[in-house]
2 protein chains.
Amino acid sequence: MDVLIIGGGGLVGQKLARKLVERGELRGKPIDSLVLADVFNPPAVSADFPVESTTCDITDAASVANAITEKTSVIYLLAAIVSGQAEAELELGYSINMMGAWNVLERVRELGTRPILVFTSSIAVYGGEVPDPIHDHSFLNPQTSYGAQKAIGELLLNDYSRKGFVDGRGFRLPTISVRPGKPNAAASGFMSSIFREPLNGQEAICPVDRDFPHFYLSPRKCIENLVKGAELDAADLGQNRCMMMPGRMWTIGQMIDAMNKVAGPEPAKLIRFEDQPEIQAIVKGWRFDLRPEKAVKLGLEADESFEDNIRYYLEDDRPGA
Amino acid sequence: MDVLIIGGGGLVGQKLARKLVERGELRGKPIDSLVLADVFNPPAVSADFPVESTTCDITDAASVANAITEKTSVIYLLAAIVSGQAEAELELGYSINMMGAWNVLERVRELGTRPILVFTSSIAVYGGEVPDPIHDHSFLNPQTSYGAQKAIGELLLNDYSRKGFVDGRGFRLPTISVRPGKPNAAASGFMSSIFREPLNGQEAICPVDRDFPHFYLSPRKCIENLVKGAELDAADLGQNRCMMMPGRMWTIGQMIDAMNKVAGPEPAKLIRFEDQPEIQAIVKGWRFDLRPEKAVKLGLEADESFEDNIRYYLEDDRPGA
């Protein structure tokens with residue numbers, strides 16, 4: 001297998017690369033090579049097989065043609081402009097999230113090699129007046145440009161798969177927590193930082209109440225699901241190749257209780273609750289009552305409890321872990 | 001009101017133009033001008049106000065900029081590559097149905113004039129394993145490239161409306177019957193020709209059984225709904241500006257009975273039943289159990305019975321009518 005990760009420099013791309021290196025195989029076959037492509041040259045990952053880092057601008061068809069070659073057998077398309085930036089910079093969001101996906105699919109059509117393409121969509125495709133709970137056959141009514149662009153990517157992936165140009169699989173990622181790294185300005189940033197910073201001995205602000213519910217998945221389970229996603233049998237996907245990735249709904253209070261159980265009561269004392277109406281206005285519009293029946297049936301998994309999410313952060317990501 | 005019909009040379013565009021001329025007003029204001037734009041110069045329509053015919057290639061941003069000007073207050077975007085051709089010519093379908101819609105929306109964003117945009121989607125957005133009946137909040141899982149492109153157009157329309165660049169309204173058209181004109185090669189062609197040809201004294205072939213069900217609307221009601229669609233209050237549209245246009249489900253047998261009631265028993269004798277497996281393979285995948293609750297609530301209408309569809313053809317479209 002010759003694997004390409006577009007967006008190979010990001011959090012998920014790097015973790016996925018390390019997981020593939022650790023496994024050494026995909027779909028029952030040895031991995032012969034791995035290419036990490038991103039707008040910047042992604043950090044190298046060492047392996048028993050050749051790993052290459054390369055730059056790729058998915059808005060540019062020629063750049064995409066350089067990254068995807070005749071020998072590419074599995075593509076992960078993780079690259080995207082994130083929610084806040086796509087909302088602020090409309091053209092940039094459409095050119096990367098919509099046209100970028102289309103460029104990848106057109107390149108694959110041109111090659112005629114029908115690779116596997118794993119596409120990361122997002123639960124941001126859900127919204128509007130669609131009744132809860134959200135099932136596999138609920139209408140996608142995104143309320144952000146990012147969500148609209150991801151929903152368009154899904155339609156493209158399905159159509160190019162139906163036509164036989166690609167063997168596509170799309171997964172709507174839950175909010176990933178606990179994300180490693182530095183705090184960022186994303187509206188969802190607190191959903192990781194209120195655990196990560198206290199676990200690292202630093203203070204963090206929670207801008208919503210303890211009873212705020214949302215839908216979460218750990219980075220570790222996300223990566224495992226992305227590997228399984230490439231390994232699913234196309235025949236099991238049916239007429240819609242995109243689905244929710246499993247996750248679980250927790251309130252902030254439940255998540256803090258989980259942290260207390262795993263790490264003792266000290267970290268939670270570093271969380272300061274401070275209403276932030278502008279953040280609440282965004283995150284309270286998000287959907288959380290999601291039922292990923294199809295993905296669960298296909299063997300993808302959520303974390304058992306948020307205690308797992310905390311443990312995985314400590315094991316995988318805490319500085320010095 | 002300065003109205004532009006993109007696709008003004010087609011069946012729906014021409015009928016809509018004549019309806020607007022007859023009304024002379026839209027949204028309670030006089031129509032000051034009407035522009036009919038299409039890939040060919042559309043036939044002229046005479047009116048008390050200026051009517052202009054112009055060519056417009058929606059795949060070309062400069063051509064779109066010529067057609068949509070600062071004074072354009074209502075745009076009908078009817079232009080599309082139809083189902084069969086979009087399936088056969090993938091690039092053409094995406095460039096007109098997807099990129100064309102995006103070019104129109106980008107032009108409007110550039111102008112900053114926030115016109116009303118009425119977009120014709122299609123019930124071809126429905127398909128896959130989505131359970132019957134199809135409601136307003138059912139998942140769109142198109143099984144044709146045409147359907148995928150229309151679903152993408154809807155996502156774009158919703159996003160650009162949400163961002164305030166346009167006041168968009170999208171309507172998923174049922175199969176239009178009885179369509180005037182010559183027989184064509186569309187898989188749905190027989191759904192009009194088995195009435196039109198016999199009513200004109202000619203033989204027609206029906207490739208499916210009498211119990212084949214589908215979802216229909218007359219051209220007359222379609223035009224009335226497109227006018228109402230422009231007149232709806234944006235506040236009533238909620239967070240999804242696209243909806244099914246009302247129609248009714250009939251079997252071939254029910255439709256023939258309706259023709260017998262309106263036109264006597266002679267025309268139906270000219271229908272020859274002849275199984276055509278290749279046509280059946282396409283049309284039997286189409287969805288017909290559709291519940292257009294939102295559009296009905298907003299005042300859009302289906303035909304009362306298929307007798308109306310027959311009568312409207314005789315009154316509006318039969319040669320010499």
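The contact between the two chains takes 23 residues from chain A and 23 residues from chain B. Keep in mind throughout that this is a predicted model. On the chain A side, helix H5, residues 145-162, gives the most, with eight residues. By residue type, the side of chain A that touches chain B divides into eight nonpolar, 11 polar and four charged. Of the interface residues of chain A, 100% are also interface residues in chain B, so the copies meet through the same surface.

Next, the symmetry. In general, two copies of a chain are related by a rotation about an axis and a shift along it. Here a rotation of 180° with 0.0 Å of shift along its axis superposes chain A on chain B, and the RMSD is 0.0 Å. The two copies are thus related as by a two-fold rotation axis. Which residue of chain A comes closest to the rotation axis? That is Phe139(A), with its C-alpha at 2.0 Å.

Now a single chain. Chain A has 11 helices and 14 strands. Its radius of gyration is 19 Å, close to the 20 Å that the globule rule gives for 321 residues, so chain A is as compact as a globular protein of that length. The C-alpha trace of chain A spans about 55 × 45 × 35 Å along its principal axes. Buried residues make up 51% of the 321 residues in chain A. If we take contacts in chain A between residues at least 6 apart in sequence, 75% join residues at least 24 apart.

On to domains. Chain A is divided into domain 1, which is 2-173 + 217-244, and domain 2, which is 190-215 + 248-290 + 299-317. The C-alpha centres of domain 1 and domain 2 of chain A lie 27 Å apart. Their contact takes 16 residues from domain 1 of chain A and 14 residues from domain 2 of chain A. What gives the largest share of the domain 1 side? In chain A, helix H7, residues 219-231, contributes six residues there. The residues on that side of domain 1 of chain A divide into seven nonpolar, four polar and five charged.

In soluble globular proteins, nonpolar side chains tend to be buried together. In this model the largest nonpolar core has 194 residues, and those with the most contacts inside it are Ile6(A) and Ile6(B). This core draws at least three residues from each of domain 1 and domain 2 of chain A. Leaving aside neighbours within four places in sequence, the residues in contact with Ile6(B) include Ala37(B), Cys56(B), Ile58(B), Leu77(B) and Val104(B).

Last, one helix in chain B. Is helix H6 of chain B, residues 190-199, largely enclosed or open? Nine of its 10 residues are buried, so helix H6 of chain B is largely enclosed by the rest of the structure. Among the buried residues of H6(B) are Phe190(B), Ile194(B), Phe195(B), Arg196(B) and Leu199(B). What covers the buried residues of H6(B) includes strand S10 (204-206), strand S11 (213-217), helix H8 (252-263) and helix H11 (306-317) of chain B. H6(B) is followed by Gly201(B), whose phi is positive, near 85°.

That is the end of the tour.

Technical notes: Residues are numbered from 1 along each chain as its sequence is written. Chains are lettered from A and ligands numbered from 1 in the order in which they are written. This is a predicted model: local features need pLDDT of at least 70, side-chain atom pairs count only at pLDDT 80 or more; totals for chains, interfaces and linings use all residues. Domain bounds come from an automatic or database domain assignment. Two residues are in contact if their C-beta atoms, placed from the backbone, lie within 7 Å. Helices (H or I, at least four residues) and strands (E, at least two) are DSSP runs, numbered from the N terminus. Ala, Val, Leu, Ile, Met, Phe, Trp, Tyr, Cys and Pro count as nonpolar, Asp, Glu, Lys and Arg as charged, and the others, Gly among them, as polar. Copies are superposed by least squares on the C-alpha atoms of residues with pLDDT of at least 70 in both. The radius of gyration is taken over C-alpha atoms; the globule rule is 2.2 Å times the number of residues to the power 0.38. A residue is buried if 20 or more other C-beta atoms lie within 10 Å of its own, exposed if 12 or fewer, and partly exposed in between; C-beta atoms are placed from the backbone. A nonpolar core is a set of buried Ala, Val, Leu, Ile, Met, Phe, Trp, Tyr and Cys residues joined through C-beta atoms within 7 Å.
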